[in-house]
Amino acid sequence: MQPPSSSVSQARQILADRLRELRLDAGLTAKELAAGAGWERTKVSKIERGTRPPSAEAIRVWCQVCSAEDQPGDLIASLRAAEGMWVEWRRMERTGL
């Protein structure tokens, strides 16, 4: 069995991979997506590498720029599930696992 922190990382990376696929399916570079969203290019890179989790609003904007308006609900649900796993892991860690 994997430690919960590993599962959290995996859940975040799966979300990051799905966002990257949306960008690629839209035929956009990271730079083009960032420009369309009004972000720095590094934000897109960090989200896609899983080093910075996106906010729900960032997911909405990402989907809008990628013309994937039918996707935010599912992606935000995945984000909340990953966040819930993280909160539970931190709670367990504080109490000594």
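Is R18 buried, partly exposed or exposed, judged by relative accessibility? R18 counts as partly exposed, at 24% relative accessibility. Here "buried" means under 20% relative accessible area, "exposed" means over 50%, and "partly exposed" is in between, with a 1.4 Å probe and protein chains only.

## About the model

This is a predicted model, in which local features need pLDDT of at least 70 and side-chain atom pairs count only at pLDDT 80 or more, while totals for chains, interfaces and linings use all residues. Residues are numbered from 1 along each chain as its sequence is written, and side-chain values use heavy atoms, with hydrogens and water left out.

## Overall fold

The chain has five helices and zero strands, giving the pattern α-α-α-α-α when read along the sequence. Helices and strands are DSSP runs numbered from the N terminus (H or I, at least four residues, for helices; E, at least two, for strands). Of the 97 residues in the chain, 32% are buried.

Helix α2 covers residues 30-37 and includes E32. This glutamate is partly exposed, as E32 has 41% relative accessibility. The C-alpha atom of E32 is separated by 9.3 Å from that of V65, and the two residues are 33 apart along the chain.

## Salt bridges

Side chains of opposite charge can pair when their charged atoms come close. A search of the whole structure finds four salt bridges, each defined as a side-chain nitrogen of Lys or Arg within 4 Å of a carboxyl oxygen of Asp or Glu. One of them joins the side chains of R18 and D74, at 2.3 Å from N to O. This pair links distant parts of the chain, with R18 in helix α1 (residues 4-25) and D74 in helix α5, 56 residues apart. D74, like R18, is partly exposed: the relative accessibility is 44% for D74 and 24% for R18.

Another salt bridge brings together R23 and E48, at 2.6 Å from N to O. R23 lies in helix α1 and E48 in helix α3, so this pair ties together parts that are 25 residues apart in sequence. R23 is buried, with a relative accessible area of 7%, and E48 is buried too, at 10% relative accessibility. R23 and E48 also belong to a network of salt bridges that includes R20.

The side chains of R60 and E57 form a further salt bridge, at 3.5 Å from N to O. R60 and E57 are three residues apart in helix α4, so about one helical turn separates them. An α-helix has 3.6 residues a turn, so residues three or four places apart point the same way. R60 is partly exposed at 39% relative accessibility, and E57 is partly exposed with a relative accessible area of 46%.

Helix α4 spans residues 56-65, and its buried residues are A56, A58, I59, V61, W62 and C63. For C63 the relative accessible area is 0%.

What torsion stands out just after α4? Just after this helix, S67 takes a positive phi of about 55°, although S67 is not a glycine. S67 sits in the loop between α4 and α5 (72-94). With 58% relative accessibility, S67 counts as exposed.

## Cysteines

How many disulfides does a search of the whole structure find? The search finds zero disulfides, a disulfide being a pair of cysteine sulfur atoms within 2.5 Å. The sulfur of C63 has its closest cysteine sulfur in C66, at 7.0 Å, which is too far for a bond. C66 is likewise in no disulfide, and C66 is buried, with a relative accessible area of 6%.

## A positive surface patch

Finally, a look at surface charge. K31, R41, K46, R49 and R52 form a positive surface patch. Patches are made of residues with over 30% relative accessible area and no salt bridge, with like charges joined within 9 Å. Helix α3 (residues 41-49) supplies the largest share of the positive patch, three residues. R41 lies in helix α3 and is partly exposed, with a relative accessible area of 45%.

Notes:
Patch = residues over 30% accessible without salt bridge, like charges linked within 9 Å, V, L, I, M, F, W, Y side chains within 5 Å. Areas by Shrake-Rupley, 256 points an atom, 1.4 Å probe, with all protein chains shown as cover. Lys, Arg positive; Asp, Glu negative; His and termini not counted. Charge placed at Lys NZ, Arg CZ, Asp CG, Glu CD.
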